[in-house]
Amino acid sequence: MIVLEWLFLTIAPCDAAEPWQLGSQDAATPMMQGIMDLHHDIFFFLILILVFVLRILVRALWHFHYQKNPIPQRIVHGTTIEILRTIFPSIIPMFIAIPSFALLYSMDEVVVDPAITIKAIGHQWYRTYEYSDYNSSDEESLTFDSYTIPEDDLELGQSRLLEVDNRVVVPAKTHLRIIVTSADVPHSWAVPSSGVKCDAVPGRLNQISISVQREGVYYGQCSEICGTNHAFTSIVVEAVSRKDYGSRVSNQLIPQTGEA
């Protein structure tokens with residue numbers, strides 16, 4: 001698979017989408033790594049099936065060409081080949097299903113005692129995040145809004161339609177619980193590098209668990225069509241070291257209201 005990525009120039013060293021990218025972004029969580037491994041395993045079976053079917057097709061065209069065999073011959077039924085072509089296609093889905101079931105169950109598993117809980121509330125054109133484990137001076141949960149930065153306000157190096165004014169800061173190598181909901185219409189919270197996509201439904205709390213394994217900045221967007229250009233609503237997760245996490249939350253993520 002790595003060779004194919006080099007051939008098609010689809011290597012994604014960054015944690016954001018690239019022009020003409022065909023491959024996946026770098027995995028930041030064990031969940032995303034499992035998704036990529038399953039994709040590679042399925043791709044391996046697809047290559048085997050493709051080679052086998054092409055060989056049969058080319059062999060049939062070669063041996064039954066009208067110039068080599070102008071007179072049609074009688075058809076001979078082979079019991080052995082009939083049994084084999086029935087058994088093998090049923091075995092291949094079993095090799096695909098077993099690891100996929102393990103991955104699905106791991107994605108649905110919720111951490112019983114997470115280190116940090118973050119609540120993500122979807123609004124049209126922006127997101128609201130609430131750190132339930134941190135309180136502000138008035139003994140309320142630390143809450144802030146996250147707006148997509150307009151093109152005219154972008155700084156050098158920032159990605160268009162991906163960067164936000166307030167990032168979600170999380171510690172690396174820590175079990176996190178994210179509670180996703182919506183305040184108006186259905187939204188979603190999707191970060192490709194983390195391998196998570198959770199629907200945000202008004203009046204309902206959906207829960208996901210992630211554990212970011214490396215420090216970095218991970219970009220995502222709302223994947224629901226819930227308004228004009230609403231897919232441009234960006235999600236940015238910044239993973240920092242554990243020792244820097246407390247100071248980042250206390251000094252930088254000050255409760256504030258963003259401007260549209």
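This is a predicted model: local features need pLDDT of at least 70, side-chain atom pairs count only at pLDDT 80 or more; totals for chains, interfaces and linings use all residues.
Visitor: Is L161 buried or exposed?

Guide: Buried, because its relative accessibility is 19% and the cut-off for buried is under 20%.

Visitor: And what about the backbone angle phi at L161?

Guide: Here's the general idea: most residues other than glycine have a negative phi. In this structure, L161 has a phi near 65°, a positive value in a residue other than glycine. W125 is another case, with phi near 80°.

Visitor: Where is W125, then?

Guide: W125 belongs to the loop between β1 (116-123) and β2 (126-135). Its relative accessibility is 46%, so W125 counts as partly exposed.

Visitor: Okay, on to T174. Which loop holds T174?

Guide: The one between β4 (168-171) and β5 (176-182). T174 counts as buried because its relative accessibility is 8%.

Visitor: What does the side chain of T174 reach?

Guide: The side chain of T174 reaches the backbone oxygen of A172 at 3.1 Å. There's also a polar contact of 3.2 Å between the side chains of T174 and R242.

Visitor: Leaving out residues up to four places away in sequence, which residues does T174 touch?

Guide: With those left out, T174 touches A115, I210, S211, V212 and R242.

Visitor: How far apart are P186 and I225 in sequence and in space?

Guide: Sequence and space are two separate ways to count. P186 and I225 are 39 residues apart in sequence, while their C-alpha atoms are 8.6 Å apart in space. P186 itself lies in the loop between β5 and β6 (187-191), and at 45% relative accessibility it counts as partly exposed.

Visitor: Now for empty space. How do you find a pocket?

Guide: Rolling a probe the size of a water molecule over the atoms shows where empty space is left. Here, the largest pocket has a volume of about 690 Å³.

Visitor: Which residues lie nearest the centre of the largest pocket?

Guide: Those are F52, V53, I56, I81 and R85, out of 18 lining residues. The elements giving two or more residues to this lining are α2 (30-63) and α3 (79-108). The largest share, ten residues, comes from α2.

Visitor: How do the lining residues of the largest pocket divide into nonpolar, polar and charged?

Guide: They split into 13 nonpolar, one polar and four charged.

Definitions and conventions:
Residues are numbered from 1 along each chain as its sequence is written. Side-chain values use heavy atoms; hydrogens and water are left out. On a 1 Å grid over the protein atoms alone, a cavity is a set of points where a 1.4 Å probe fits but cannot get out, and a pocket is an open set with protein on both sides within 12 Å along at least five of seven lines; lining residues have an atom within 4 Å of a point. Grid points are joined across faces, edges and corners, and a volume is the space filled by probe spheres set on the points. Helices (H or I, at least four residues) and strands (E, at least two) are DSSP runs, numbered from the N terminus. Ala, Val, Leu, Ile, Met, Phe, Trp, Tyr, Cys and Pro count as nonpolar, Asp, Glu, Lys and Arg as charged, and the others, Gly among them, as polar. Buried means under 20% relative accessible area, exposed over 50%, partly exposed in between (1.4 Å probe, protein chains only). A polar contact is a pair of N or O atoms within 3.5 Å; within protein, one must be able to donate a hydrogen and the other to accept it, and residues adjacent in sequence count only if both atoms are side-chain atoms. Contact means heavy atoms within 4.5 Å.
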